[in-house]
Amino acid sequence: MRSRTTNEISRLSFWLRVREFAVPPSMIESATARRATGDWAGACAAAHVDIDLNLRSAARSHGQEFAARVRADLRHLAPDLLRWHMPRIAPNGLLRPGLTISLVRYHPASHGGGGTVHLVARTPPAWADAGQRIGLALWDGPRSETGPHPHPRPHRRFRLDLHRHLWDVRRIDELRVRSGADPPPAGGRPAPNLDVLLERGCAVDRWAAEASILLREEGRAGGAVAVRLGRRRQLVLEPATDGATSGLPAPRMTTAPARGGGSALPVLPDAATWVLPDLALLRAGLLEADRLHPLVASALVPGRSQTGAPRISDGGAHHRLVECRGARHRIGLVNGVLVPLDHDPAEIRREELLAALTGTPLPCLRVIDEAHRAPECLIDVRARLDHGDAAGALAAVEGLLGPGAPLPKGALRDELEMAALRRIAHGLFRAGLAGIGQGPATRPDRRLGGDRARPRHAMSR
């Protein structure tokens, strides 16, 4: 068995962090409950998905039959599952900004010129990504590109219309096969020179089948398919000619700019290029099935229920021990405020007065003050705020400090204020009141586990 490469370890750590914070269990529970009652709009609201389409307008433009098809797809959309599988970027695992991702391609008979209408999911540009919200809309060509989004056209590489099992509850049973959870058939593994790609997390065992699905969708009987592995590197998969791989595509590596000679080829969707992160985490033993999205767990681990929400560790408040003047004292929550439990109120008032005069507070008081300004959970609070889980961030703060605690100046207060400012920026974007690429605020771009930050400029690529 090969030892894990540094890239593989880094990738798994990245996705482990995403699975911890990006789609909180409370969101899954709420969205699932509303979807189960037929309230697809309520499910979208619970999953922080904005509905930017009007079915009545769609019916007037493309007919009642078209609107009925869209409505049926929306009723079976699991918006929390869509969020679970959306493309993400390093280092913090946030949604890839400025994307328009096709979920379904329709061919309405009444559409002018016989064109295609897409049901799309959109992510805002980086400067307006507060709340990590996703928008649902219909795209029917240049005439629908009038909103504030910088890239309203569906992306060739980031698309989910060929992977409905990643968001449509009717197709969830396909997830196990399409993810490659079952071992490939005898003779089905590509040529040995792709071993390095297996170590990098590429789903090469599925490339042949996924390339066939792509070519059929494009109306081609055969041909080459481009596989993007980075900004300037791609594989070109071509049919084997020597029979050594039983008709599977044989790879030809090319190194070319993103707009090079391979740009005219159909592009294998990103969802088919890489091993499903959940499958990789399960195989590595880094994640248990009960911490996955229930629909994903039911597909990858047969016998598991599709209900419930991922289990999370107990984050409730407990007494903390502090070394205080040669003794071990406790601090904990009393009436919603973090206080020292082994000092009586009169002693605390006296010590606070002395601290104001001498600047040397009691160790118990010093720990409490530090917790208010920069608590140990600050990294997790930042992650929840970055991923749009404001309720989870406040719950973490209240669990440590209590709901009645004041917030003095410090890193924690700065984070909460910055989150509020960024939500204003997102509102301006949604309203079309801020220039694209000229956000009113920037967001700190932090490495996982680190506290140092630098501004990330609001430039759309």
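Val 49, which lies in strand 1 (residues 49-51) of this predicted model, has a relative accessibility of 3% and therefore counts as buried, the cut-off for that class being under 20%. Once its neighbours within four places in sequence are set aside, Val 49 is in contact with Cys 44, Pro 79, Arg 133, Ile 134 and Leu 136. Asp 80 is 31 residues away from Val 49 along the chain, yet the C-alpha atoms of the two are separated by 8.8 Å.

The largest nonpolar core has 74 residues, and the members that touch the most others are Leu 74, Leu 103, Leu 136 and Trp 207. Leu 74, again leaving out neighbours within four places in sequence, is in contact with Leu 136 as well as with Trp 40, Leu 53, Leu 55 and Leu 119.

Because six of its eight residues are buried, helix 11 is largely enclosed by the rest of the structure; the buried residues are Pro 277, Asp 278, Leu 279, Ala 280, Leu 281 and Ala 284, and they pack against helix 1, helix 6, helix 7 (175-179) and helix 12 (294-300). Just after helix 11, Gly 285 takes a positive phi of about 75°.

On the side of helix 1 the contact is made by Arg 11, Leu 12, Trp 15, Leu 16 and Arg 19, which meet Pro 277, Asp 278, Ala 280, Leu 281 and Ala 284 of helix 11. Sorted by class, the residues of this contact are seven nonpolar and three charged, with no polar residue.

The average pLDDT is 80, and 76% of the residues score at least 70. Confidence is highest in helix 6 (residues 79-85), with a mean of 98, and lowest in strand 14 (residues 455-456), with a mean of 36. Over residues 253-261 the pLDDT is below 50, and this stretch has 13 contacts in the model beyond near neighbours in sequence. Residues 439-461 likewise stay under 50, although the model gives them 57 contacts beyond four places in sequence. Where pLDDT is low, the predicted coordinates should not be read in detail.

Technical notes: Residues are numbered from 1 along each chain as its sequence is written. This is a predicted model: local features need pLDDT of at least 70, side-chain atom pairs count only at pLDDT 80 or more; totals for chains, interfaces and linings use all residues. Side-chain values use heavy atoms; hydrogens and water are left out. pLDDT is the predictor's confidence in each residue, from 0 to 100. Helices (H or I, at least four residues) and strands (E, at least two) are DSSP runs, numbered from the N terminus. Contact means heavy atoms within 4.5 Å. Ala, Val, Leu, Ile, Met, Phe, Trp, Tyr, Cys and Pro count as nonpolar, Asp, Glu, Lys and Arg as charged, and the others, Gly among them, as polar. A nonpolar core is a set of buried Ala, Val, Leu, Ile, Met, Phe, Trp, Tyr and Cys residues joined through side-chain atoms within 4.5 Å. Buried means under 20% relative accessible area, exposed over 50%, partly exposed in between (1.4 Å probe, protein chains only).
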